[in-house]
Amino acid sequence: MKILERVFGSYDGKKVIEYTLTNESGMSVSCLNYGCVITKIIVPDRNGILENVVLGFDKFEDYLEFSPYFGAVVGRVAGRIKGASFELDGEQYRLAANESPNHLHGGNQGFNSVIWETEMIERKDLVGLRFFYRSHDGEEGYPGNLDTTVTYLLSNTNELSITYEAMTDQKTVVNLTNHSYFNLSGEGKRVCSEHILQLKSDRFLELGQDLLPTGRIIPAEYTPFDFNQGRLLQSGMKSDHPQNVLVGNGYDHPLLFTQEGENSIMLSEKESGRSLLVTTDQPCVVLYTGNKLEGPFSISGVPAKNYLGVCLETQGFPDAIHHPDFPTVILNPEEVYYSTTKYRFSNKIGV
Ligand code: FUC
């Protein structure tokens, strides 16, 4: 196993480094110290052909100009916060309204667009990176200094694990995830409509026009949101269910796991023979099918188009701070925010 590094660009007077972790079966994961961005995940298809299965750019400048959070860690709080404000202990906090009038993915300069301190990890059966970032009190409007550590570990069994840890010196809110867009066809050959998704989820959060949860929790049964038996993503893209239409014909929804504790999500694409098993300790996954990916740019040579990738954002419920019945995302001093999501790739569907 090995770690290679190369200069990928520069930002804020600092070098942007791309690290490539490679395991003994030839799988590799490349990522940046900027936003902990995963630029590439290279895994074999059914014939052993190694290809990239996430959307990314070849040039650093494209990340600055066009990136819809490709591969990045998003935070302090993933998703939208209504009115870009919230109250904690009688104190009103005003956040950056970067999707006016709301706050999205941590603000104007969220965790996705800052340089993180980096440390390499080399163990017998693992290679990885530990990223550290101190978000200062008041950054993007949030209270408290927040120390965040994100760890990427690649094993020889083609599993990438991401662990998030955070501590604060003042009561604050935290909800972290990774915003990779997966495309198991390899090199963006086909859009993700023929990907099959399967997970145990009986309910999802209804969204309003502003794509924020309305507070209503909807049963998934008999709708395109029922993935219990496995379902092609195109069923939501082609559906006339008002929730699919609302988000631009597809999914941009928090799917709530039926059971508490550890849960799994299986994503597969028959033609390539690739599958991805995601295991998480988080209570929901925001399924985003890249409904608005179209743009005046290319993604590693492929013209940007809708549905070119699918995000599986394992996280706490979006806008939980405004919904007392949602699991809390408040972090107190002395507490540790800790969460893990694992991504295991296979070239034999169902394994
Ligand atoms: C996802 C979505 C949003 C947005 C963003 C780029 O997390 O929830 O709607 O388009 O990514």
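# Strands, charge pairs and loops

Arg 216 counts as exposed, with a relative accessibility of 53%. The model is predicted, so local features need pLDDT of at least 70 and side-chain atom pairs count only at pLDDT 80 or more, while totals for chains, interfaces and linings use all residues. Residues are numbered from 1 along each chain as its sequence is written, and side-chain values use heavy atoms, with hydrogens and water left out.

Arg 216 has a charged partner. Glu 206 forms a salt bridge with Arg 216, and their closest N and O atoms are 2.9 Å apart. The two residues sit in distant parts of the chain: Glu 206 belongs to strand S19 (residues 203-207) and Arg 216 to strand S20 (residues 213-219), 10 residues apart. Strands are DSSP runs of E with at least two residues (helices are runs of H or I with at least four), numbered from the N terminus. A salt bridge here is a side-chain nitrogen of Lys or Arg within 4 Å of a carboxyl oxygen of Asp or Glu. Elsewhere, salt bridges that share partners join Glu 51, Lys 189 and Arg 274 into one network.

By this rule the model has 13 salt bridges. One of them involves the side chains of Arg 134 and Asp 147, with an N to O distance of 2.7 Å. Arg 134 is in strand S12 (residues 126-135) and Asp 147 in strand S13 (residues 146-155), so this pair ties together parts that are 13 residues apart in sequence. Arg 134 is partly exposed at 36% relative accessibility, and Asp 147 is partly exposed at 24%. Another salt bridge is formed by Asp 125 and Lys 124, where the closest N and O atoms are 3.8 Å apart. In that pair, Asp 125 is partly exposed at 43% relative accessibility, while Lys 124 is exposed at 72%.

The next topic is the sheets. Strands S1, S2, S3, S4 and S5, in that order, form an open sheet of five strands with antiparallel pairing. Its edge strands are S1 (2-11) and S5 (50-52), each of which pairs on one side only. Two strands pair if DSSP finds at least two bridges between them.

S1 and strand S2 (residues 14-22) pair in the antiparallel sense over nine bridges. Within this pairing, Thr 20 in S2 is the bridge partner of Leu 4. The two strands form a hairpin with two residues between them, and Asp 12 in the turn has a positive phi of about 60°. Further along, strand S3 (residues 28-32) pairs with strand S4 (residues 38-44), also in the antiparallel sense, over four bridges. Ser 30 stands opposite Lys 40 in S4.

The loop between S3 and S4 contains Asn 33. Asn 33 is buried, at 6% relative accessibility. Where does the side chain of Asn 33 have a polar atom 2.8 Å from a backbone nitrogen? That nitrogen belongs to Ile 17. The cut-off for a polar contact is a pair of N or O atoms within 3.5 Å; within protein, one must be able to donate a hydrogen and the other to accept it, and residues adjacent in sequence count only if both atoms are side-chain atoms.

A further open sheet has nine strands in the order S11-S12-S13-S14-S30-S24-S23-S18-S21, again with antiparallel pairing. Strand S11 (117-122) and strand S21 (231-232) stand at its edges, each with a single partner strand, so one side of each has no neighbour in the sheet. Strand S14 (residues 159-168) pairs with S30 in the antiparallel sense over eight bridges. Glu 165 stands opposite Tyr 338 in S30. Val 336 is found in the loop between strand S29 (330-331) and strand S30 (337-346).

One more loop residue is Phe 297, between strand S25 (284-288) and strand S26 (298-299). Phe 297 counts as buried, at 12% relative accessibility. The C-alpha atoms of Phe 297 and Phe 66 are separated by 7.3 Å, although the two residues are 231 residues apart along the chain.

Terms used: Buried < 20%, exposed > 50% of the residue type's maximum accessible area, 1.4 Å probe, protein only.
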